[in-house]
Amino acid sequence: MSHTRMPALFLGHGSPMNVLEENIWTETWRELGKNLPRPKAIIAVSAHWYTRGTAVTAMEKPRTIHDFGGFPQALFDTRYPAPGSPTLARQIAETLAPVAVDLDQEWGFDHGSWGVLIKMYPDADIPVVQLSVDGTKPAAYHFELGRKLAALRDQGIMIVASGNVVHNLRMVRWQGEAEAYPWAESFNQYVRDNLSWEGEDEQHPLVNFMQHEGAALSNPTPEHYLPLLYVLGARAAGETVSVPVDGIVMGSLSMLSVQVG
């Protein structure tokens, strides 16, 4: 059975309130779900499962994790009951060897993954396996895991990574149409400018993102940025990269989304 090569996506997920709201971001995610080829299964990579070591959710029925506070009850009442896939979890572990991958039975879908998938695939009828982000490893490691996962795209499996390439919650501006900080604009543009970069992996400007003068303020910690590298790593040479939506909210939160393929 032949499959189209599935696209790989990085979605800027922003506030958990996007689950309850309809806006330009959620509309974009919904359109992607409608217009892209339908995947057989999804590998979700979220900023919110930041671990020591690499793990995949390997249970039949992952739980919906409400890993946030101070939001309306309706958000806590929302479930995303997509099935898991122990088979795909094992396949990911084999694909990433010799990296040791823990077949996790405890986690589930955190808001980084289900918050976007609930808009893309509201019927929750596509199996999803979530892959953790190993916080002990350098950026190049995450890019390399993306390289290894690329083969699964030809088997009907879509990679949906979720984070924010600019994520500085300490400096958010809460007023309405807050102007973006110059360093946030500058770093976001640097990411955009280098999405289609071709060359040696270790030279990749987005793997070496901390060399940008706005990087430290844009990512005081790297967990919201690193999911992007799985998607860029999974890109074939010369494959097209597009930006379904972009924008900076609250001054210091980039909603940039990136589509490979």
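**Entry 1: the second largest pocket**

I began with the second largest pocket, which holds about 150 Å³ of space. I noted that 13 residues line this pocket, with R147, W197, E198, D201 and R235 the closest to its centre. Sorting that lining by class, I got 6 nonpolar, 3 polar and 4 charged residues. A reminder to myself: this is a predicted model.

**Entry 2: the largest pocket**

Next I looked up the largest pocket, and its space came to about 580 Å³. I found 28 residues in its lining, and G14, S15, V249, M250 and L253 lie nearest the centre.

**Entry 3: the cavity**

How many cavities of 30 Å³ or more does the structure hold? I found 1. The volume of the largest cavity is about 60 Å³. I listed its lining residues, among them H13, G14, S15, W29 and H111. G14 and S15 were already in my notes, as residues nearest the centre of the largest pocket. Which helix gives the most to the cavity lining? I have helix α4, residues 111-120, down for 3 residues. By class I counted 4 nonpolar and 6 polar residues in this lining, with no charged ones.

**Entry 4: the nonpolar cores**

Last, I checked the cores. The largest nonpolar core has 53 residues, and I92 and Y225 touch the most other members. Leaving out residues up to four places away in sequence, I saw I92 touching I43, V56, V129, L131, L149 and L152. Apart from that core I found another, of 29 residues, including V116, L117, Y121 and V128.

Methods. Residues are numbered from 1 along each chain as its sequence is written. This is a predicted model: local features need pLDDT of at least 70, side-chain atom pairs count only at pLDDT 80 or more; totals for chains, interfaces and linings use all residues. Side-chain values use heavy atoms; hydrogens and water are left out. On a 1 Å grid over the protein atoms alone, a cavity is a set of points where a 1.4 Å probe fits but cannot get out, and a pocket is an open set with protein on both sides within 12 Å along at least five of seven lines; lining residues have an atom within 4 Å of a point. Grid points are joined across faces, edges and corners, and a volume is the space filled by probe spheres set on the points. Ala, Val, Leu, Ile, Met, Phe, Trp, Tyr, Cys and Pro count as nonpolar, Asp, Glu, Lys and Arg as charged, and the others, Gly among them, as polar. A nonpolar core is a set of buried Ala, Val, Leu, Ile, Met, Phe, Trp, Tyr and Cys residues joined through side-chain atoms within 4.5 Å. Buried means under 20% relative accessible area, exposed over 50%, partly exposed in between (1.4 Å probe, protein chains only). Contact means heavy atoms within 4.5 Å. Helices (H or I, at least four residues) and strands (E, at least two) are DSSP runs, numbered from the N terminus.
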